[in-house]
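Here is a short briefing on selected residues, helices and rings. Look at the picture first, then read the points below.

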Amino acid sequence: MAIEKVDLTKVKPYGDTLNDGMMQTAFTLPIPYGDEAKEAARILAKKMGLEDPEVVHYSDLGVGYTFFVLYGKCQHTVDFSKIEVPKVEVDSMDKYGVEDYIKENVKREITVIGACTGTDAHTVGIDAIMNMKGFDGHYGLERYVGINAINMGSQVPNEELVAKAIELDADAILVSQIVTQKDVHIPNLTELVELLEAEGLRDNVVLTCGGPRISHELAKELGYDAGFGTGSFANDVATFIVTEMVERKLV
Amino acid sequence: MELVDLVHQKCKIVSIIGMAKNAGKTVTLNRIIEDSYDRDINLGITSTGRDGERIDVLTNTEKPAIYAFEGNIIATTTGSIEISDATIEIIEITDYRSPMGKIVLGRVIDGGYIEIAGPQTIKEMKVISDRILQLGADLVLVDGSINRIAVADPNITDGAVLATGAVLSRSMDKVIEETLHQKTLLGLPEVEEDLKGILIDNTRDISIIDKDFNINRLNIKTSINSGKVIADNIDENSKYVFMTGSLVTKTLKDITEYSKLYKDVTIVVPDGTKIFVGPKDWLKFKKKGVKIKVLNTINVIAITLNPYSPLGYYFNPEEFKEKMSNYIKDLPVFDVMI
């Protein structure tokens, strides 16, 4: 335990004494290794708001690029007492809880289709949720009794996903998508919603999306029923799907 | 004539749809809200997405706030009510759900900034919009989100304002090309009245209709991946192909490849929001002689322009407006940023 009391309304980085503001930052600049490069890094750090920036390490990356590590004092503070982060309110059931819930409230097998759509080939997310082996100690939906889980894999066109959902009379669709910095996957996510509306299916399925930059707010704008970000597991997704089906009377 | 006058003349429920995120939907919405206040038109306001949030969830750029006036009726989520400045009397908590809480109907008691996030599906949107009218609004504004346009379905809203802007592309020509294409789809001509009646009354299936209006119902649940089946059923007597849901590029491609008679039929879709064909492919099919009509033409009231992109570039506003107006002669074009 630190002896000195922390002022939570003015939190600053800690180096070796409280409120010294010491922090480390690292970056690469597209300029050749040398004294001029070192000075450029120092000036940049100063512009970033670091007081007394110091280049403590720098190395030649070849091709005329240089990598830097700098120390400096942060001049800004954060009011920790005012921070509010929206948390998902539903308490997730575990696998067995979901299975019992399906048996008692849905009373039939449900079909969940998962896919990475469009150009997206990053299947880590969808596999973590769908695959029988699961991820980090949480079994995937394929292992759930009462869930017919179909993983269509990567780069699935929205049309194929919708056709599959119609063919199998799916109860839920789960799309995994890396929303990139340039946001190219956004129109791909909205196109699926639009296709489902055009086919008259939107009201009959629970539509969820997941991926590193996906939040509930983004899901709302995209037109999805829920968005699952980093740290979500199969049982979180399954809990949402089955409770939503019951709430929306889709059983 | 101002945008609000055009909208109010023609519609009870109007959608504001966009070609992309940051195309200027919220600015258009705000313009209509302010002008409605001046004209004593009591508004209902809702959104398919989320509006009035201060910071864009994707680009982290500042977004325009939405100010609601006393008397306005809004449909938003429980989560959004909490963070709105306006004093809102909650009239009804509906069973409709969203990732940000249940959809709530409320009346603004004391004007202020609000966040609007309405129903998730278009069927729910129709029910909510009708309810807002019942509660006393003269005109309901349904704000779209990102590039979603499904809500412009004429069974849901009775007119649409299309927002477009520099955000689509750094090339002004590309922005105009895409906007023109969207406007073409939304404004596709309707089939003749007698055929319309027959289709609406008699079939809910994808069907082929001959010259005597005999209906051949095809046993397929969707046209997606069924272009060949549809093509195989087109014969010398066929006159129309009726699609009940979507029409995607591949279906059209398959029909034109597997049937030599595709030029002799007119493909009928419910409305322009059901067509998923890009500008280049569309022109190709048109050149090949493909004919497409709709059951219901969407009443596009105006096009609004945002010459600024949050990516940091912008078009010359006068040039943008003039060029767009040259291509879109039959609709008023407004620059909402002026």
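Start with B:Cys11. Leaving aside neighbours within four places in sequence, B:Cys11 is in contact with B:Leu139, B:Asp158, B:Gly159, B:Asn299 and B:Ile301. Contact here means heavy atoms within 4.5 Å.

This is a predicted model, where local features need pLDDT of at least 70, side-chain atom pairs count only at pLDDT 80 or more, and totals for chains, interfaces and linings use all residues. Residues are numbered from 1 along each chain as its sequence is written, chains are lettered from A and ligands numbered from 1 in the order in which they are written, and side-chain values use heavy atoms, with hydrogens and water left out.

**B:Cys11 and its place**

- B:Cys11 sits in the loop between α1 (3–10) and β1 (13–18) of chain B. Helices (H or I, at least four residues) and strands (E, at least two) are DSSP runs, numbered from the N terminus.
- B:Cys11 counts as buried, at 5% relative accessibility. Buried means under 20% relative accessible area, exposed means over 50%, and partly exposed is in between (1.4 Å probe, protein chains only).
- B:Cys11 and B:Glu192 are 181 residues apart in sequence, and their C-alpha atoms are 23 Å apart in space.

**B:Ile215 in a strand**

- B:Ile215 belongs to strand β11 (residues 215–217) of chain B.
- B:Ile215 is partly exposed, at 22% relative accessibility.
- Beyond its neighbours within four places in sequence, B:Ile215 is in contact with several residues, including B:Ile198, B:Asn202 and B:Thr203.
- B:Ile215 and B:Thr203 lie twelve residues apart in sequence and 8.0 Å apart in space, C-alpha to C-alpha.

**Two helices in chain A**

- Two packed helices are described by the angle between their axes and the distance between the axes.
- The axes of helix α4 (residues 158–168) of chain A and helix α5 (residues 186–198) of chain A come within 10 Å and cross at roughly 35°. Axes are lines fitted to C-alpha atoms, for helices over the stretch in contact, and angles run from 0 to 180 degrees between N-to-C directions.
- On the α4(A) side, the contact is made by A:Asn158, A:Glu159, A:Leu161 and A:Val162. On the α5(A) side, A:Asn188, A:Glu191, A:Leu192, A:Leu195 and A:Leu196 take part.

**Rings in chain A**

- The whole structure holds eleven aromatic pairs over all chains. Rings of Phe, Tyr and Trp (its six-membered ring) pair if their centres lie within 6.5 Å; planes under 30 degrees apart count as stacked, over 60 as edge-to-face and the rest as tilted.
- A:Tyr33 and A:Tyr58 form a stacked pair, 4.9 Å centre to centre, with 25° between the planes.
- That pair links distant parts of the chain, 25 residues apart: A:Tyr33 is in the loop between β1 (22–29) and α1 (35–47) of chain A, and A:Tyr58 is in strand β2 (residues 50–62) of chain A.
- A:Tyr33 is partly exposed, with a relative accessible area of 41%.
- Ring pairs join A:Phe27, A:Tyr33, A:Tyr58 and A:Phe68 into a cluster.

**Positive phi outside glycine**

- A:Lys249 is not a glycine, yet has a positive phi of about 55°. A:Lys249 lies in the segment after α7 (234–247) of chain A and is exposed, with a relative accessible area of 65%.
- B:Ile146 has a positive phi too, near 45°. B:Ile146 is in the loop between β8 (139–143) and β9 (159–165) of chain B and is buried, with a relative accessible area of 4%.
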